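Visitor: Could you take me through the aromatic rings here, one step at a time?

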Amino acid sequence: LIPVSDDSIETRVVTYLGEMNIQEFWIKNRARPRVVGIKYIGAQDAKLSAEAMEYIRKSEKIVIAPANPISSIGPSLAVPKLRHELSKIRKNVVAISPIEGTQAFSGPAKKYMRGVGLEVSPAGVAQYYSDVIGTFIISNRDYAFSNKIRKLGIDLFLTDITMLTVQQESRLASFVMDI
């Protein structure tokens with residue numbers, strides 16, 4: 001893996017109890033407080049690494065994995081130069097939804113998305129990524145969100161995005177590469 005930046009970025013969870021480091025939120029507070037925001041401390045001043053810039057510029061396709069958009073992908077996208085570079089090649093950037101219906105496949109995406117004011121759905125994820133992705137892959141069960149996503153100017157593909165087995169992972173990877 002190539003680092004997006006060599007600079008430090010700290011994810012801070014803003015709750016009704018106050019602001020705390022993401023680890024403090026999970027370990028000390030057991031993720032119980034209601035999330036009302038997320039901050040990426042240091043991201044605004046972080047420099048995009050030369051290696052990341054080179055890979056972005058040479059890539060035919062960039063895939064944003066179906067990870068938590070707020071806590072896993074968000075810190076990287078908070079680096080202004082990364083977001084800017086991806087927006088320039090938006091048609092070559094594909095994302096896979098980590099949400100099916102209104103449920104995250106795993107982890108706290110639902111809690112974080114609500115906390116930053118996003119609809120917990122593939123449409124909410126698409127909105128969050130709308131300036132950097134040209135293509136979005138959602139579950140074939142989520143057709144109801146299609147028009148909302150297409151209105152963002154994003155090409156949409158529906159398929160089985162479940163990845164519980166190696167075979168399902170391989171099938172989805174092949175689907176992404178064939179687009």
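Guide: Let us look closely at the aromatic rings and how they pair. This is a predicted model, in which local features need pLDDT of at least 70 and side-chain atom pairs count only at pLDDT 80 or more, while totals for chains, interfaces and linings use all residues. Residues are numbered from 1 along each chain as its sequence is written, and side-chain values use heavy atoms, leaving out hydrogens and water.

A pair of aromatic rings is described by the distance of the centres and the angle of the planes. Rings of Phe, Tyr and Trp (its six-membered ring) pair if their centres lie within 6.5 Å; planes under 30 degrees apart are stacked, over 60 edge-to-face, and the rest tilted. A search of the whole structure finds four such pairs. In one of them, the ring centres of Phe 25 and Trp 26 are 5.6 Å apart and the planes stand at 85°, so this pair is edge-to-face. Phe 25 also forms a tilted pair with Tyr 112, at 6.2 Å centre to centre and 45° between the planes. That pair links distant parts of the chain: Phe 25 belongs to helix α1 (residues 22-28) and Tyr 112 to helix α5 (residues 109-115), 87 residues apart. Helices here are DSSP runs (H or I, at least four residues), numbered from the N terminus.

Together, ring pairs join Phe 25, Trp 26 and Tyr 112 into a cluster. Buried means under 20% relative accessible area, exposed over 50%, and partly exposed in between (1.4 Å probe, protein chains only). Phe 25 has 0% and so counts as buried, Tyr 112 is buried at 1%, and Trp 26 is partly exposed at 37%.

Key. Helix = DSSP H or I, 4+ residues; strand = E, 2+ residues; numbered from the N terminus.
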